[in-house]
Amino acid sequence: MIHFFCSVVNNAAGVVQNSAKCVIIFPYDRKEPEKDMKKTPGEILASYAPGLPDPFYAKLFRVLLSCASIGKRADFVYHFDKKAMKGKQVLILADHASTDSYIWALKGYPFVEPNVVMGYQNILRRGLFHVFLKVGVIPKKLFIPDVSTVRSILRLKKLGASFVLFPEGIQSMDGSVMPTNPATMQLVKKLGLDVVLVTSFGAYLNRPRFDSCYRHGPMEFHYELLFTADELNEMSADELYARYLAKFRYNDPEENARRGCVYRGKHENAYGLDKILFVCPDCGKEFTLKVEGDSVVCSCGRRVRVDERYALIPEGGDFPFSRIDEWFRFGRETVRREVMKEDFSLSYPAEYLTLDQVTLGDDRCVKLGEGTVTLCRRGFNYDGTKNGEHVSITIPIEDMPSAPFVSGTANEFFFGEEYFRFVPKNDPRLSVKVLLAVEELHRLVDPVWRKYGDDVYFR
């Protein structure tokens, strides 16, 4: 969830400098026990119990958010009386259209200082680790039942906390809505707080999944009251989900086909698209696409230009897609047909990494070994080395709802208490196909996830 804005950090002096050249001084925390200073970040996080946001650090965090948004254009639209929301305990459900969605969701809602539910691996950030803990972030491990997260939320609710939750769990792949974790509506009902919904337009187009550099163009964030506490008591989980599904919608490429907004950045808008688009609809071949300037080009000769509005403009004849999300969905449908075969198998050499919970390094991961990954209808298997010894790790497909890809170069997920990251050695772009294959394989054995996926992927 978090890909933060700080570029230079000096923890010893307590200085953070962001890309906008804004310098903020962090005071030393004299109350922190000396023994905690000797613990590794992993040890600190293992014993961490989130509290209400520290007032000083909450204000500091908002200053950082403001610095991170310098030079970017966003409009906030409120569909309620803002004065009535000041200090009101709420649950905020926000879309995850971009890596930076949390910046805007918080920036546009200054009425409370909420606890943010954050991906466990994203808390381990140099220069921000202790700040995150001071503002009471609640760790959540990707796509696994996390009882400790729910316990923290329920405990903090009794203390008067408000919360920010991103129900999709991961950033959108193609600028359109992702499935919601099936347990979300149960948590919403159990909490019994007024629910504020945050949906966006343009967030993905400013910071697409396939490029780490910003593009600049309009963004909108809409805030509305989705449920009152009284409605949560009266409605069933199915009724809550139906209303949520009707409201929790966004599709930036489709919406911008109507609006025609222009987005410009350091790179052409085609840059990086070969990280998420991997099947050519003309020749049917995979991983034969590459980016040349403002165009996506296949080895078969097909060339498609991506203009400043993210429209797909083909050269040399008709093309079945006019938008990025349509082309990405074609890739999913291709993989879906492939995994339906009983003998489906995908094997590739990969490096095996896990979280660096000691040094808070820039990559946040350390290499454990390398070997062969095999994905089939039974599950995900790694056969190779770990710390110099041979291991074979098998994860049943029913325990893997997804395997999110890291900037189009790797797949990451939790199984039990362990974080895994696998980097395909021959072509890192294979990670997007692995992601789709894992999701579609899981949906074959999990009818609940199948329904929640169908509600957004194939409606």
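**A sheet and a helix pair**

Visitor: How many bridges join strand E14 to strand E15?
Guide: Three bridges join E14, residues 295-298, to E15, residues 303-306, and the two strands run antiparallel. Keep in mind that this is a predicted model.

Visitor: What is the bridge partner of Ser-295 in E15?
Guide: Arg-305.

Visitor: Which order do the four strands of the open sheet take?
Guide: The order is E13-E14-E15-E16, with antiparallel pairing.

Visitor: Which strands stand at the edges?
Guide: Strand E13 (289-292) and strand E16 (312-315). Each has a single partner strand, so one side of each is left without a neighbour in the sheet.

Visitor: And what does the twist average from one strand to the next?
Guide: The twist averages 30 degrees.

Visitor: Switching to helices. At what angle do H15 and H16 pack?
Guide: Helix H15 (residues 430-445) and helix H16 (residues 447-457) pack at about 125 degrees, and their axes are 6 Å apart. That angle makes H15 oblique to H16.

Visitor: Is the crossing left-handed or right-handed?
Guide: H15 passes H16 in a left-handed crossing.

Visitor: Which residues make the contact?
Guide: From H15, Glu-439, His-442, Arg-443, Leu-444 and Val-445. H16 contributes Pro-447, Trp-449, Arg-450, Gly-453, Asp-454 and Tyr-457.

Visitor: How many of the residues in that contact are nonpolar, polar and charged?
Guide: The contact of H15 with H16 has five nonpolar, two polar and four charged residues.

Methods. Residues are numbered from 1 along each chain as its sequence is written. This is a predicted model: local features need pLDDT of at least 70, side-chain atom pairs count only at pLDDT 80 or more; totals for chains, interfaces and linings use all residues. Side-chain values use heavy atoms; hydrogens and water are left out. Two strands pair if DSSP finds at least two bridges between them. Axes are lines fitted to C-alpha atoms, for helices over the stretch in contact, and angles run from 0 to 180 degrees between N-to-C directions. Angles under 35 degrees count as roughly parallel, over 145 as roughly antiparallel, 65 to 115 as roughly perpendicular and the rest as oblique. A crossing is left-handed if the near helix is turned anticlockwise from the far one by less than a right angle, and right-handed if clockwise. Contact means heavy atoms within 4.5 Å. Ala, Val, Leu, Ile, Met, Phe, Trp, Tyr, Cys and Pro count as nonpolar, Asp, Glu, Lys and Arg as charged, and the others, Gly among them, as polar.
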